[in-house]
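Welcome! Let's take a friendly look at how charged side chains pair up in a protein model.

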Amino acid sequence: MPILDVESQEKLKKQLTRHEGLELRLYKCTEGKQTIGIGRNLDDLGISEDEAMYMLDNDLARIEVELEKNIPVLSGLSDNRKIVLMNMAFNLGISRLLQFKNMLAALAQHDYKTASAEMLNSRWSKQVGSRANELSEMMLVG
């Protein structure tokens, strides 16, 4: 049970935000510690698993919007193929994913064999190794 009532918690949050500031990018505090948000010392505290999952949910929601906006054939793909694209967009960012022009062209033609091969025929594949193999197999079999 919290030691402060809701009103007092809100008062404290506003006060801490005013005192600590709100930084949405990583910075070093006056003690040289990696910090983010409202004084969250990442060097000493890190983040909790719940916080990591919350951030992941937000990232996936953003990626979904970006894919829907940029890949017209997305709605016609199986869930496994959507997972592949979301995984790649998470790893690469949407702008770099969109550079996979041959893969995306093959997807538009429902040519999943070529799309899978194009995934493996990339610098990304060499960088991520088994991840690319797993994702290209998912693309192939749907």
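Which residue forms a salt bridge with D44? The partner is K33, with the closest N and O atoms 3.3 Å apart. A salt bridge here is a side-chain nitrogen of Lys or Arg within 4 Å of a carboxyl oxygen of Asp or Glu. This is a predicted model, in which local features need pLDDT of at least 70 and side-chain atom pairs count only at pLDDT 80 or more, while totals for chains, interfaces and linings use all residues. Residues are numbered from 1 along each chain as its sequence is written, and side-chain values use heavy atoms, leaving out hydrogens and water.

- D44 sits in helix α2 (residues 42–45) and K33 in the loop between β1 (23–28) and β2 (34–37), 11 residues apart. Helices (H or I, at least four residues) and strands (E, at least two) are DSSP runs, numbered from the N terminus.
- R40 forms a salt bridge with E51, their closest N and O atoms being 2.7 Å apart.

**A bridge within one helix**

- K13 pairs with E10 in a salt bridge, with 3.4 Å between the closest N and O atoms.
- K13 and E10 are about one helical turn apart because they lie three residues apart in helix α1 (residues 6–20).

**Accessibility**

- K13 is partly exposed at 48% relative accessible area; buried means under 20%, exposed over 50% and partly exposed in between (1.4 Å probe, protein chains only).
- R40 is also partly exposed, at 28%.

**The wider picture**

- The structure holds five salt bridges.
- D59, R62 and E66 are linked in a salt-bridge network.
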